[in-house]
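Subject: Structure for you to look at

Hello,

Here is the structure I said I would pass on. Please open it next to this message and follow along.

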Amino acid sequence: MALVELENLTKAFSRDSQPIVVFDGLNLEFAEGSFTALMGPSGSGKSTLLNLIAGLDRPTAGTVRVAGAEVSAMSPGALADWRARHVGFVFQSYNLLPVLTAYQNVELPLLLTRLSAAERREHVATALSVVGLSDRAEHLPRQLSGGQEQRAAIARAIVSDPTIILLDEPTGQLDAKSAADVLALLQRLNAEFHKTILMVTHDPHAAQAARTLLHLDKGVLTA
Amino acid sequence: MKFFPLVWANLTRHKRRTALTTLSVALALFLFASLRSVVTTLRATGEVGSETRMIVQSAKAIVFFLPMSYRERLLAVPGVQAASWANWFGGVYQDPKNFFAQFAVDPESYLDVYAGDYDMPADQRAAFIRERTGCIVGKSLLDKFGWHLGQNVTLTGTIFEGDWPVTIRGVFRSLDPVFSEDAMLVHYDMVYERYPTWVRPGWYVLQLKNPALAPQVAAAIDSEFKNSSDPTKTGSERAFNASFVTMWGNVSFLMDSIGMAVVFAILLVAANSMMLSARERTNEVGVLKTVGFGDRLLFGLVMAEAGGIAAAGAVLGLGAATVLWPAIHFSAMGFLPGFRVTPGTLALGLGITVLLAVASGLLPALSAARLSAVQALRHVE
């Protein structure tokens, strides 16, 4: 069953009054529980695709549907609420808030829910435990290694039990050992917790961790 | 409340900057409240005075003396119960900056006319009346100079030139702002002795039998002396005090203008600081939007930061002005008796605080709310 459905997706930018077409009628589906790696050269539209699925950007034409909800038709306010409940997003550069501890960073999505402080504590503790950072809860991002920061970012992405986890080059700034740890964690989230994962990467080794591999070139799926 | 840690973390991100901005706001509000209090105190000063007392002064100007013979004629006017007189003495103590109000008075009649407006032991009153070089001082003035009862104090005359050694024979507490605790009373006779051909009463203070007859009494007095070489101007004590306030000219406008200019200058500082802070965090705004923080929530969080800085500044600035001036018994050497920050000024200060918070936070808050997540995430410092 398709969790993410992209129908006749068109996305065009205008840069220096020059139109740039990223997607022109793209059709694509991601099944629930899938772990897909999306590869392709720079400018192929990988990150734009993630942004469109996450509702961070709007398509020029076509529809984006996630778990039955038409993301591309939502108002900005509704999109923010939807994102909080359904999307976990992981960035290449971790993007933890530097003034918050690992615990507080992970707690951020839960502040948007009606959970009590005790319930939030429980959820954060679970997420940190899953990524193996229970003992680093009170550390600020600058006190963590790159791998630990990315694991904290993954904990932030999974803490609200989202419908889909989107990762944009999650191992791009990590050493081999840390990258392997993160990829193993993603595999575990997919296999053990049945999370649907879509990962954009340049790294063929990272892509091997996924169960499905797609190539995108100039907005077109090539394999 | 659950967002408080986030707001607090952002406020304490650059502790020095936040502290300096807060102190700027505090200083602005302190100055505003203090300058505004000059205005309110001046206005209040113009409103003190008894309904049963009237002041007779020269119709030409307050600086012109009135003949001593007027006393008996004033007492003869129907409705006048008692009469006393006083002069502005205008001396300084040790240094010109140690200036305070001094009046040369007829002790017994003057203290009788103002009975009920001050509190002083009877023996001290008697000692003052008895000794021509004696004086009495307000408790506030005594404390300010560290004087004590029986101490010899030498005043240097600025109007009545020369050194004037006097002995403190009494210390009074004010029961009404009209009888200022920052003042000293000396004997009129002491001055008269040295300048017998020059000095005369500066003004007369009348005690009325019936305050309702004040207009008639004033008209009768001014009519009595209308064709003399020293015509009079008679009015209520309140009007007399108010005339001193008008001598300050348009100081109220000046004080208000300076106060608002200071607030506006600090508003620019606070707004600049908030803009800088928000610009530094553009990428984080993108992250929060990605997590699911809505535009309104982000707007509210930035406004909360601006509100936090303004509120802390208000507590410090308005609090300091409210506590400091009464604590040091400030009265501008008696010219601003009862100087304090009024509830009205505090309310105005709080209103300015709200305006300051809104004005300094609005642009960065709108900017954070309107920015798209993708644009924000692309932002590089």
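Which residue is the bridge partner of Ile55(B) in E11(B)? The partner is Val205(B).

Before the rest, some ground rules. This is a predicted model, in which local features need pLDDT of at least 70 and side-chain atom pairs count only at pLDDT 80 or more, while totals for chains, interfaces and linings use all residues. Residues are numbered from 1 along each chain as its sequence is written, and chains are lettered from A and ligands numbered from 1 in the order in which they are written. Helices (H or I, at least four residues) and strands (E, at least two) are DSSP runs, numbered from the N terminus. Two strands pair if DSSP finds at least two bridges between them.

Chain B, strand E1

Strand E1 of chain B covers residues 53-58. On one hand it pairs with strand E11 (residues 203-208) of chain B, in the antiparallel sense and over five bridges. E1(B) also pairs with strand E12 (residues 232-236) of chain B, again antiparallel and over five bridges. In E12(B), Ser236(B) is the bridge partner of Met54(B). Five of the six residues of E1(B) are buried, so the strand is largely enclosed by the rest of the structure. A residue is buried if 20 or more other C-beta atoms lie within 10 Å of its own, exposed if 12 or fewer, and partly exposed in between, with C-beta atoms placed from the backbone.

Chain B, domains

The domain assignment, which is automatic or comes from a database, gives chain B a domain 1 (4-45 + 249-378) and a domain 2 (60-230). The C-alpha centres of these two domains of chain B are 47 Å apart. Where they touch, six residues of domain 1 of chain B are in contact with ten residues of domain 2 of chain B; contact means that the C-beta atoms of two residues, placed from the backbone, lie within 7 Å. The domain 1 side of this contact in chain B has two nonpolar, four polar and no charged residues. Here Ala, Val, Leu, Ile, Met, Phe, Trp, Tyr, Cys and Pro count as nonpolar, Asp, Glu, Lys and Arg as charged, and the others, Gly among them, as polar.

Chain B, helix H13

Helix H13 of chain B runs over residues 343-370. At 1.5 Å a residue its 28 residues should span 40 Å, and its end C-alpha atoms are 39 Å apart, which agrees. (The expected span is 1.5 Å times one less than the number of residues.) H13(B) bends by about 45° at Leu362(B), and the proline Pro364(B) follows within four residues. The bend is the angle between axes fitted to the seven residues ending at a residue and the seven starting there. Among the buried residues of H13(B) are Ile352(B), Leu356(B), Gly361(B) and Pro364(B). Their cover includes helices H2 (15-45), H10 (251-280), H11 (282-291) and H12 (295-327) of chain B. Gly300(B) lies in helix H12 of chain B. It is partly exposed, with 18 other C-beta atoms within 10 Å.

Chain A

Chain A has an open sheet of six strands in the order E6-E7-E8-E3-E9-E10, with mixed pairing. Its edge strands are E6 (87-90) and E10 (220-221) of chain A, each pairing on one side only. E6(A) runs parallel to strand E7 (residues 164-168) of chain A, joined by four bridges, and Leu166(A) in E7(A) is the bridge partner of Phe89(A).

Another open sheet of chain A has four strands in the order E2-E1-E4-E5, with antiparallel pairing. In E4(A), Val66(A) is the bridge partner of Val4(A).

His194(A) has a positive phi of about 55° although it is not a glycine. This residue is in the loop between helix H6 (176-193) and strand E8 (196-200) of chain A, and it is exposed, with 9 other C-beta atoms within 10 Å.

Between the chains

How many residues of chain A are in contact with chain B? There are 20, and they meet 17 residues of chain B. Helix H2 (residues 76-86) of chain A gives the most to the chain A side, with six residues. That side divides into 13 nonpolar, four polar and three charged residues.

Regards
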